[in-house]
Amino acid sequence: MSGGLVHAGAVISCPHGGVAAALSGAAGHAVLMGGLPVRTAGEVPTIVGCRHTADGVPVPCTTVRWTADSGGVLVDGVPVVTDGTAGMCFTAGLVPQGPPVVAVMRGGVMCG
């Protein structure tokens, strides 16, 4: 695992300017960073506001899917997402659109 942990307050966007919707609350999350839950590879963030088109037809990114690092840190048995974790943005039809852009804000980690 390399890179900074990604938490619910990090800005994740698609290559076309759409933004991943924020995670709701910290309930059920065992690890918090700056009071916000750490994102895991099991989450599939929803992208809103993507303006990507192909031949004039809207083909927006709708989700981000992560490829978990093998041998990395786990939260509740699921690998965490770092700013170095591979990911891909997809259309509603699961057509790959490019990697997400992750802006991480550094902070302390709290386990509980």
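**Entry 1**

I started at tryptophan 66 and found glycine 87 opposite it, in strand 11. I am working with a predicted model, in which local features need pLDDT of at least 70, side-chain atom pairs count only at pLDDT 80 or more, and totals for chains, interfaces and linings use all residues. Residues are numbered from 1 along each chain as its sequence is written, and side-chain values use heavy atoms, with hydrogens and water left out.

Three strands make up an open sheet in the order 8-11-12, with antiparallel pairing; two strands pair if DSSP finds at least two bridges between them. Strand 8 (63-67) and strand 12 (96-98) are the edge strands, each pairing on one side only. I also noted that neighbouring strands here are turned by 45 degrees against each other on average, direction ignored. The axes behind that angle are lines fitted to C-alpha atoms, and angles run from 0 to 180 degrees between N-to-C directions.

Then I went through the pairs. Strand 8 and strand 11 (residues 86-90) run antiparallel and are joined by five bridges. Threonine 63 has phenylalanine 90 of strand 11 as its bridge partner. Strand 11 and strand 12 are also antiparallel, with two bridges between them. Across that pair I found cysteine 89 opposite glycine 98 in strand 12. A reminder to myself: in a regular strand the side chains alternate between the two faces of the sheet.

**Entry 1: Two positive phi angles**

How many residues lie between strand 11 and strand 12 in their hairpin? I counted five, and leucine 94 sits in that turn. Its phi is near 65 degrees, a positive value in a residue other than glycine.

Aspartate 55 belongs to the loop between strand 6 (53-54) and strand 7 (57-58).

Are these two buried or exposed? Aspartate 55 counts as exposed because its relative accessibility is 84%. Leucine 94 counts as partly exposed, as its relative accessibility is 47%. My cut-offs were under 20% relative accessible area for buried, over 50% for exposed and in between for partly exposed (1.4 Å probe, protein chains only).

**Entry 2: Valine 19**

I moved on to valine 19, which is in strand 2 (residues 19-20). With a relative accessible area of 37%, valine 19 is partly exposed. Leaving aside residues up to four places away in sequence, valine 19 touches Ile12, Ser13, Thr46, Ile47 and Val48. A contact here means heavy atoms within 4.5 Å. I also checked cysteine 50: its C-alpha is 7.3 Å from that of valine 19, though the two are 31 residues apart in sequence.

**Entry 3: The whole protein**

Last, I stepped back. I found 14 strands and zero helices in the protein. Of its 112 residues, 36% count as buried. Among contacts between residues at least 6 apart in sequence, 65% join residues at least 24 apart. The protein exposes about 5800 Å², and carbon and sulfur atoms supply 61% of that area. The areas come from the Shrake-Rupley method with a 1.4 Å probe.

Note on methods. Helices (H or I, at least four residues) and strands (E, at least two) are DSSP runs, numbered from the N terminus.
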